Amino acid sequence: MRPVEELIERLQARGGKVTPQRVLIYRALAGDASHPTAEQLHARLRGLLPHLSLTTVYAALNDLAEAGELRRFSSGDGQVHYDPDTRPHAELVCVRCARIEDAPAPHGQAVLPERVGGFRVVGRTELIHGLCPECQVAVDAQDAQDALAAAALEAETQRPETAAGGSR
Ligand SMILES: [Zn+2]
């Protein structure tokens with residue numbers, strides 16, 4: 001996404017609707033690397049604009065996306081996410097906590113072919129799924145706990161046998 005002032009000029013030149021509400025929506029999104037959903041942006045702006053409807057947020061975001069000033073994609077969590085960074089890059093998606101981050105270069109920067117299988121290519125979304133650093137720590141701790149519980153259970157199931165053997 002371009003600087004907000006430049007963006008507004010471009011949208012107006014295309015005959016786009018640029019209301020004060022939309023300007024605030026654009027400002028809220030500019031430089032945001034958290035890949036928010038329309039609902040998240042709406043919640044964030046509600047304090048500033050109590051009468052802002054979710055429909056208005058969707059319309060503003062989709063106009064930007066159609067103008068090529070914003071990328072929208074789904075990450076597998078059933079939600080549509082928006083990214084003001086329209087430069088080629090891949091996204092990292094955590095399969096445990098669903099957080100999304102931009103992948104460092106060169107991921108997602110391979111040159112797009114003009115045509116693929118008879119299709120004229122207009123874009124690409126590249127998602128890399130994995131466990132984020134926090135979730136790796138949580139999963140490792142859970143694994144260690146499970147191993148301890150399994151060892152305790154094993155010791156438990158072996159004890160009655162020896163106890164029964166001893167009482168005879
Ligand atoms: Zn995570």
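Modeller: Pro 106 lies in the loop between β4 (100-102) and β5 (115-116); helices (H or I, at least four residues) and strands (E, at least two) are DSSP runs, numbered from the N terminus. This is a predicted model, in which local features need pLDDT of at least 70 and side-chain atom pairs count only at pLDDT 80 or more, while totals for chains, interfaces and linings use all residues. Residues are numbered from 1 along each chain as its sequence is written. The peptide bond that leads from Ala 105 into Pro 106 is cis, with omega near 5°. Most residues other than glycine have a negative phi, and most peptide bonds are trans.

The other backbone feature is at His 35, which is not a glycine but has a positive phi of about 55°. His 35 sits in the loop between α2 and α3.

The axes of these two helices, α2 (residues 20-29) and α3, come within 11 Å and cross at roughly 110°. Axes are lines fitted to C-alpha atoms, for helices over the stretch in contact, and angles run from 0 to 180 degrees between N-to-C directions. α2 and α3 are therefore roughly perpendicular to each other; angles under 35 degrees count as roughly parallel, over 145 as roughly antiparallel, 65 to 115 as roughly perpendicular and the rest as oblique. On the α2 side Leu 24, Ile 25, Ala 28 and Leu 29 meet Leu 41, Arg 44 and Leu 45 of α3, where contact means C-beta atoms, placed from the backbone, within 7 Å. These residues divide into 6 nonpolar, no polar and 1 charged. Here Ala, Val, Leu, Ile, Met, Phe, Trp, Tyr, Cys and Pro count as nonpolar, Asp, Glu, Lys and Arg as charged, and the others, Gly among them, as polar.

Helix α3 (residues 38-45) also packs on helix α4 (residues 54-66), with axes that come within 9 Å and cross at roughly 120°. That angle makes α3 oblique to α4. Ala 38, Glu 39, Leu 41 and His 42 of α3 make this contact with Leu 54, Val 57, Tyr 58 and Leu 61 of α4. By class, the contact has 6 nonpolar, 1 polar and 1 charged residues.

For the setting, the protein chain comes to 5 helices and 7 strands, in the order α-α-α-α-β-β-β-β-β-β-β-α from the N terminus on.

Key
Contact = placed C-beta atoms within 7 Å.
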